[in-house]
Amino acid sequence: MGNLHDLLMQDLRFGEALKACMNCGVCTAICPAAEFYDYDPRRICDTVQRQDEEEIEKLLRSETIWYCGQCMSCKPRCPRGNIPGEVISVLRKRSQELGYFKDSEKGRQQKQLMNSIGSNILEIGYCVHPDKVDPAYHPEQGPIWEWYIENIEEIAPKLGANYHGDGPGALRKIREENLEEVRRIFEVTGGMELRKKVLEVEP
Amino acid sequence: MSETPKRFWNEYQKEIADDHYFYERSQTFFPGSEAAFLKIMREELGKDIKDEANQHTCTGIGYHSDVVPIETTMTVVARLFSLMTEDGYENYVPSCVTSFGVFTEMVEMWKHDPALLEQARKYLKVATGREFELPKNIAHPSDIIFKFRNDLKPKMKYQLVNRFTGKPLRAVEHVGCHYAKIFPEKGVGKSEFPHVLSGMIEAWGGEVIDYPERRHCCGFGFRQYLVQENRGYSVANSKKKFESMEPYEPDFILTNCPGCGMFLDKWQYTISELEHKTYDKDGYGIPVLTYEELTGLLLGYDPWTLGLQLHQVQCETLMDKIGIAYNPDEKYKGVSGKVLAMPDKPTVLKV
């Protein structure tokens, strides 16, 4: 095993994300995830900053790093200009690359996200799209959403959308030549490699 | 000669281009809002704004859900900038607040580390053969409506005044986290006192209510909502906001992020089903509007073309307070004129 801290530092964002944490805990005080989960971004920054390899590995294999909601409320409040939410992004990326994410229940959820959001991007050119928000799996969207999906061909054009149409507009079909370019970008920049690693998770 | 007093407000301003915009669409849960924005820009303000057919996702939701690496997102952003460059535009206007944060982040990284910009150029060239220029200005559409709020006011048919009491309507605003929390100086009023939505409300006759959890996240949380098992996080954070605003009895909630607008609307329904609780006195919930919907309504646009029928918390109570004329018979008609079967009614939330 190489040096995990060095591996974190190699990420484009790490230098900006964690300069010098003084452990004041403002990030934890403002954090929506810390109110909902047993989660403490202050401790995560401290663990990474201490460069304790054993502790960093535990973190990469933990549930903890998957609790952040990426709202970045921590960013403007940090008196040292750190970005704990971005430290999390770096940890998650490395956890997936090293296969450590498979050791946590929350980490394994990445497969579900790759099969939904990740596949949507490559197949239809949207992260999310009404066609992919099935009311059966989204009871929280209420009867209005069910009504919309049942009648979308009548409703969406009334609102000015170009539903599944060619040309510009909301909900337009993304042309195949554009999708092909997006897929090639994923090939060239490591997006497909990450996808493959995440989808290796056993059911 | 007396000295001009120092105007600290200027420190909280951002540069917003005047004209010639390249519009990037969102994932479009509010198609009527995007259509209204383009109509306002072109027909009310006489601006030039490009709606490019070859655009696609910026991958922002995938990026913050950690299924898209930063190098990939950076290059997808570069492709979108190449479309802007090809079309001859320099002012980039992403509809979604997550996109606004992503584009701002990538451009800032490139400014600080030109090697990363070169890497993005190289990746894009290898993958697609394309080249791109950086935008001169990136503004969120809410920035633009804010900028022209006083130009729009004389064109408006209605004001944010309660016609029954003659008093200003009381609004709470929710600014999407990625509008100014990542790069505070990129938001009007920065992250602690964003003025982008409150400026519209005040200009158009309303009163902005401050409330303790005004800056708290709506709870989307990317993977915290997108994975069904995690959704407790999402509803719990919205609930915290509703409980915080409830004592002030707001007439409506105004948002500038398509995600926030959707969650603050739909979670009111969920909480009403789970806990038989609504956050207004009469059991209808607090209507949630996008800034495009609010602008369109005050300009006199048809609410059913704006898409208010897609809100789970119905907006008629608010429209009645403003005095907006609407035809209830048109609400459930499709584009063909066919009257659609009515949606089911919630158990608790009144409609």
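Start with chain A of this predicted model and colour it by domain: the domain assignment gives domain 1 as residues 4–103 and domain 2 as residues 107–199. The centres of domain 1 and domain 2 of chain A, taken over C-alpha atoms, are 29 Å apart. Where these domains of chain A touch, domain 1 contributes eight residues and domain 2 contributes six residues. On the side of domain 1 of chain A that touches domain 2, two residues are nonpolar, three are polar and three are charged.

**Chain B as a whole**

Chain B has 15 helices and eight strands. Turned along its principal axes, the C-alpha trace of chain B spans about 65 × 60 × 45 Å. How does the radius of gyration of chain B, with its 351 residues, stand beside that of a compact globule? A compact globule of 351 residues would have a radius of gyration near 20 Å, and chain B has 21 Å, so the two agree.

**The domains of chain B**

Now select residues 18–139 of chain B, which the domain assignment gives as domain 1, and then residues 146–330, given as domain 2. Between the centres of domain 1 and domain 2 of chain B, taken over C-alpha atoms, lie 26 Å. The contact of these two domains takes 23 residues from domain 1 of chain B and 28 residues from domain 2 of chain B. To find the elements on the domain 1 side, select α1 (31–44), α2 (60–64) and α4 (97–112) of chain B, each of which gives two or more residues to the side that touches domain 2. That side of domain 1 of chain B holds 11 nonpolar, nine polar and three charged residues.

**A helix pair in chain B**

Select residues 231–245 of chain B, helix α11, together with residues 258–275, helix α12. The axes of α11(B) and α12(B) are 10 Å apart and the helices pack at an angle of about 95 degrees. α11(B) is therefore roughly perpendicular to α12(B). Show side chains for S234(B), V235(B), S238(B), K239(B) and F242(B) on α11(B), and for F263(B), L264(B), W267(B), Q268(B), T270(B) and I271(B) on α12(B); these residues make the contact. By class, six of the residues are nonpolar, four are polar and one is charged.

**Where the chains meet**

Bring chain A back. The contact between the chains takes 67 residues from chain A and 74 residues from chain B. On the chain A side, several helices each supply at least two residues, among them α4 (32–36), α8 (84–98), α9 (105–124) and α13 (191–199). Which helix of chain A gives the largest share of the side that touches chain B? Select α9(A): the largest share, nine residues, comes from this helix.

**A helix pair across the chains**

From α12(A), show E181(A), R184(A), I185(A), V188(A) and T189(A), which meet Y123(B), V126(B), A127(B) and T128(B) of α5(B). The residues of this contact divide into five nonpolar, two polar and two charged.

Definitions and conventions. Residues are numbered from 1 along each chain as its sequence is written. Chains are lettered from A and ligands numbered from 1 in the order in which they are written. This is a predicted model: local features need pLDDT of at least 70, side-chain atom pairs count only at pLDDT 80 or more; totals for chains, interfaces and linings use all residues. Two residues are in contact if their C-beta atoms, placed from the backbone, lie within 7 Å. Helices (H or I, at least four residues) and strands (E, at least two) are DSSP runs, numbered from the N terminus. Ala, Val, Leu, Ile, Met, Phe, Trp, Tyr, Cys and Pro count as nonpolar, Asp, Glu, Lys and Arg as charged, and the others, Gly among them, as polar. Domain bounds come from an automatic or database domain assignment. The radius of gyration is taken over C-alpha atoms; the globule rule is 2.2 Å times the number of residues to the power 0.38. Axes are lines fitted to C-alpha atoms, for helices over the stretch in contact, and angles run from 0 to 180 degrees between N-to-C directions. Angles under 35 degrees count as roughly parallel, over 145 as roughly antiparallel, 65 to 115 as roughly perpendicular and the rest as oblique.
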